Structures are given as structure tokens and as C-alpha cells.
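Hi everyone, thanks for coming. Let me walk you through a structure that may be new to you.

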Amino acid sequence: MIFAKQAMLSTGWAQNVRLTVNSGAITAVDSEQTSQPGDVIVDTLLPALANLHSHSFQRAMAGMTEYRMAGKDSFWTWRDLMYRFTAHLTPEHIEAIAAFVFLEMQEAGYASVGEFHYIHHQPGGTPYDDLGELSTRIAAAAAITGIGLTHLPVLYTYGGAGQAELEPGQARFGNSVDRFNELVVCAQKAVSKLPADCRVGIAPHSLRATSPDDLAAVLRAHSNGPIHIHIAEQPKEVVDIFAWLGARPVEWLLENVDVTNDWCLIHATHMTPGETHDMAKSGAVAGLCPITEANLGDGPFNGPPYIEAGGAFGIGSDSNVLISLTEELRTLEYSQRLRDVARNVMVVGEGSVGEVLYTSAARGGAQALGREAGEIAVGQLADLVAIDSADPALCALQTHQLLDGLAFAAKDRIVTDVWSAGRHAVKGGRHIQRDQIVDGYRSAMQSLMASL
Ligand SMILES: [Zn+2]
């Protein structure tokens, strides 16, 4: 049982809440209780967010790509560096990095992750003896950390719009539709050894890395979600897709594919007002990655018209250049304020910006990962985070202001405890496997640096 002095329930804030958790799910929620011997006692309990978009291996290159080269740096030059980096990663590196990244996510307050996994093969492109070797490594990282994993094997067949051949740097990603289908079976086998809340979805990488026929074939083979796709991160991507398919990426997808609430469109950054409206009405989740989108110079999301049309969204840490839930939320809102020269933008009508950002991202993130979570209520997975309202960043705030404090005034140190489907992985602000996982990461980095 968990006892919280206060908790944000699906019905709003409540005091002195006792929560019963069985087999990973919340089976009873009672307020105005007293704690009982044996209860885990926390200060303020919230539904924990899903981190809906991660490429865990990219964490290991954080800080390596911030050197200006003769004034021509762009997303595309960053991508070239990332490709060169991936050539050095072994399965052992990939597992150690993922374990460390998942630990950092949990310590930042996330209960689950959508791992958009696209390194599948050996350097040069030859498959491992076990086609699912690297999916197995990601599953092992989820097992040691206890994070709720939605594993998203990526279909990556072409090097660019118009079915261009893969570039050498993309060889580790490449699969035909048939081999991708085999890979998904391997991934399902690996994830079947994890707790029941973990699952496998699919991720056609982007319109530029597939073709209309291949996309249709993959969607026929995997009709169950979640389905994630990078959609419109960069203006060049929009231009290339328009030149090839005669429509902008979001426009093309909505017109040619049955986009439902099983879908998550990552980086729906460059949209016209019409695309923004239509995507909001589709029921799909906008996968927003504010820190990475700022780091890569992608541009701001069309927030106000999207939420006015009822669009769902969630938060992802994508390149993992920095893993901070509080900073993702504030970067999202600040990107809107800077563009619009306005304050308190991501709310329709009146309300607390922090609360709307947090609760919307909790619901949208859970939807995107196919988890029955996002709220504290009976029947939901026990994806929970406890924060300390006595932290100096929060101690002057009233309960209804706490999520504004979390989003705009606090650091991730306010997180004291995290449960992923009832697995209590963070206690006192520290992951229970921290020493072992950090040691493994350090030695993997030593071996990686020696190879660069
Ligand atoms: Zn991504």
C-alpha cells in the first residue's frame, strides 16, 4: 500500500490518500485515510508520465555535436555525425547505454518509455546470428531497470524520399518488409520475458525511409498499435516528400492511411493550419520532444491551434541529450511563448499551465505507448511518481500550484519515488540498481571511447 499526504487523482486533488496495488494495477483508491504500518509513505503522488520517444543509444553522444563547423551545421550534419557514431556501438554498449538511460528517465519521474529502436544489424549491415539480438539487449535493459517498455522496432528501408538507396551510414538500420516482419517476431519473443505491461509496437521510421506500398504492407501485417512515425521534423523533409508524393508529410499520411488513436506522430513540427486541425481530429498523439527539437533547431510546434482542436500530445526525450521531465515541459511552453510573444499559451481558455501540460502529457503519453495509465484511478497501471512539496522550489506553493512549480520552478530532484506498473524502482530519489547500472555504463563508455 502507498500512503500520500496528497495526490492528484483522476477526479482532482485529494488529501491523505491510500492506494492499493495488485499485479501492477491500482485496485483501490481511498482519500481521507490514515497511514498504516507497512505503508510506503510519500508526500505528493502524481500519475507518472510515459516518455513516448527515445533513441537510447544517442545519450552516449550527448555533448559531442555542439562544436560549430564553418557555419554550416544543421540537423543533417548532426545526422552524419550520429551515423558515424553508431558504427562503433557493440551489443554490449547498446545494452549498457539503454540501462543507464532508462535509469535516468525513472529518476526524472518517467515510468515508461517508447524505445524507437532502429539499429538492428552489425556495422556494414550484416544481420546478427540472432536477427533480434539488439531488441533482446533493449529488453534486458528494461528488465534490470524495471521501466515499462513499449519496444518499437523500426522499419527503415530507403535512404531518402523516392526510395533512394540506403547510405553506408544507414546500413545497420535497413530491412525489407519481410525481414522487418521477422524482426518483430524476435522482438515480441524478447519482450514476452518482461512483465505483462511491456509490449511491442511498430515504427515505420518516416515517409522518407519507406514507400507507400511498403507502408501499406507493414500496416496490413501489424494492425494492432502502437504505431509511431517521424513525420515532419525539418523543412527539407517537407519539401522532399512534397516533390515525391505531391503532398506534405502530415497531409499525405492523413489522406492515405487510416490514422487512428493507435498512432503517434513524432515531430509534427512543420504543419499548415489545415494539417494541424486534421491531425488533432484524427485522435493520434503528437509526440513532442521539446529539448531535442530545440537542440536540433527543428522549430516550435503549432501548439495553440492544435489544442484548441482537441489534439492529444505527449513528451519524449528523443536524442536524450538531456533527460529532464521538468525541463521538457517548460521548454515546450517557452518555445510557444518565444514565438507568440505571449505568456501562458498551452491552455485553452483559463487554467494552470503546469497542470494542463502535465495531465495532458500523462494521458497522451500513455495512449501513445498503449498503456492503461495516465491517471490515478482504479483499473489503471500503477505508473506513479512521488514528489516532495517541501523542496525549496515548491514549499511556498499551494496544492493547486504544485504542477506550475514542477513545470517552471523545479529541478528533477523533487522526484522521490517512481513506480512502473507497481515496480518501485526509485526510492529517496535514487534508482535501486543505480550503482550496478552506472558502473556498467562507465565501463562501456571506456571501451567505446577507445574505439572512436
Ligand atoms: Zn526520433
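**A strand and its partner**

Let's start with a pairing: His117 has Pro153 in S7 as its bridge partner. Before going on, please note that this is a predicted model, where local features need pLDDT of at least 70, side-chain atom pairs count only at pLDDT 80 or more, and totals for chains, interfaces and linings use all residues. Residues are numbered from 1 along each chain as its sequence is written, and side-chain values use heavy atoms, with hydrogens and water left out.

Strands here are DSSP runs of E with at least two residues, and helices are runs of H or I with at least four, numbered from the N terminus. Strand S6 (residues 110-117) runs parallel to S7, joined by six bridges; two strands pair if DSSP finds at least two bridges between them.

How many residues of S7 are buried? Eight of the eight in S7 (residues 148-155) are, where buried means under 20% relative accessible area, exposed over 50%, and partly exposed in between (1.4 Å probe, protein chains only). Gly148, Thr150, Leu152 and Val154 point one way, while Leu149, His151, Pro153 and Leu155 point the other way. In a regular strand, side chains alternate between the two faces of the sheet.

Now to Arg18, in strand S2 (residues 12-22). Arg18 counts as buried because its relative accessible area is 14%. Its side chain makes a polar contact of 2.8 Å with that of Asp39; such a contact is a pair of N or O atoms within 3.5 Å, and within protein one must be able to donate a hydrogen and the other to accept it, with residues adjacent in sequence counting only if both atoms are side-chain atoms.

Finally, Met449 lies in helix H14 (residues 434-451), and is partly exposed because its relative accessibility is 38%.
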